[in-house]
Amino acid sequence: MGTTQRRHPEGKNDQQWTLYTDGASSKEGSDAGLILTSPTGEEITYALRFDFYTSNNEAEYEALLAGLRLAVKMEAERIVALTNSCLAANQVTGEFETKDKRMEKYVKAVQRIKSSLKSFAIKQIPRGSNRRADALSKLASTCFGHLSKEVLMEVLKVRSIDERQLDYLFTTRPSWMTSIIDYLQHGILPNDHGDA
């Protein structure tokens, strides 16, 4: 993973970011929603659909990992993750034992990202306190075309615990998020008026 992450002096990236996540699986498919809030209150709303089957617990982990990858891209160093998944919150903190091999891989994937941060906490919150992430998850299950332009959308082709996915965390190539990251971090808008 030979890419060096940029570190900034005390400032926006050294303050706490908040990540709300929710994932769900149903007969219509598996989806997730997440909201990443910067220390200054800017929000990135994100809806995910999975091209693979997941259980509810796996969908919760996929949402958490997608949110953490986004936070790392934003150079966040202190993150508190809020989820209504009792299992995910307690497995990551070590309160619950991980018996299933796949759940163990998810916990290890979260731990890998956690180790690159200055601080990380995960807390279970009531479903009622996580309504917006839950709504994004439900919207992703209907039709991406109905989501507003403020909501970022993505279809994950492979599980976050597959080896190929790990390198994505540390890529330095431009992606669809580059202009959003430039704006949120440095106030730089794209040159194209429509994109801006």
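Colleague: Hi! Which residue just after α1 takes a positive phi?
Modeller: That's E75, with a phi of about 65°. Bear in mind that this is a predicted model.

Colleague: Okay, and α1 itself, is it enclosed or open?
Modeller: Of its 18 residues, 16 are buried, so α1 is largely enclosed by the rest of the structure.

Colleague: What should the span of α1 be, and what is it in the model?
Modeller: Helix α1 covers residues 56-73, and at 1.5 Å a residue it should span 26 Å. Its end C-alpha atoms are 26 Å apart, which agrees.

Colleague: Let's zoom out. How many helices and strands are there in the protein chain?
Modeller: Six helices and six strands. Along the sequence they follow the pattern β-β-β-α-β-α-α-β-α-β-α-α.

Colleague: And how much of the protein chain is buried?
Modeller: Buried residues account for 46% of the 196 residues.

Colleague: Now α3. Which residues are buried there?
Modeller: M103, Y106, V107, A109, V110 and I113. Seen down the axis of α3, the buried residues fall within an arc of 155°, so they line one face of the helix.

Colleague: Why would residues a few places apart point the same way?
Modeller: An α-helix has 3.6 residues a turn, so those three or four places apart point the same way.

Colleague: What covers the buried residues of α3?
Modeller: The cover includes α1, α2 (86-93) and β5 (119-124). On the face turned away from the buried side, α3 carries the exposed residues K101, K105 and S115.

Colleague: Last one: what caps the N-terminal end of α3?
Modeller: D100 does, with a side-chain oxygen 3.0 Å from the backbone nitrogen of R102.

Terms used
Residues are numbered from 1 along each chain as its sequence is written. This is a predicted model: local features need pLDDT of at least 70, side-chain atom pairs count only at pLDDT 80 or more; totals for chains, interfaces and linings use all residues. Side-chain values use heavy atoms; hydrogens and water are left out. Helices (H or I, at least four residues) and strands (E, at least two) are DSSP runs, numbered from the N terminus. The expected span of a helix is 1.5 Å times one less than its number of residues. Buried means under 20% relative accessible area, exposed over 50%, partly exposed in between (1.4 Å probe, protein chains only). The arc is that of the directions from the helix axis to the C-beta atoms. Contact means heavy atoms within 4.5 Å. A polar contact is a pair of N or O atoms within 3.5 Å; within protein, one must be able to donate a hydrogen and the other to accept it, and residues adjacent in sequence count only if both atoms are side-chain atoms.
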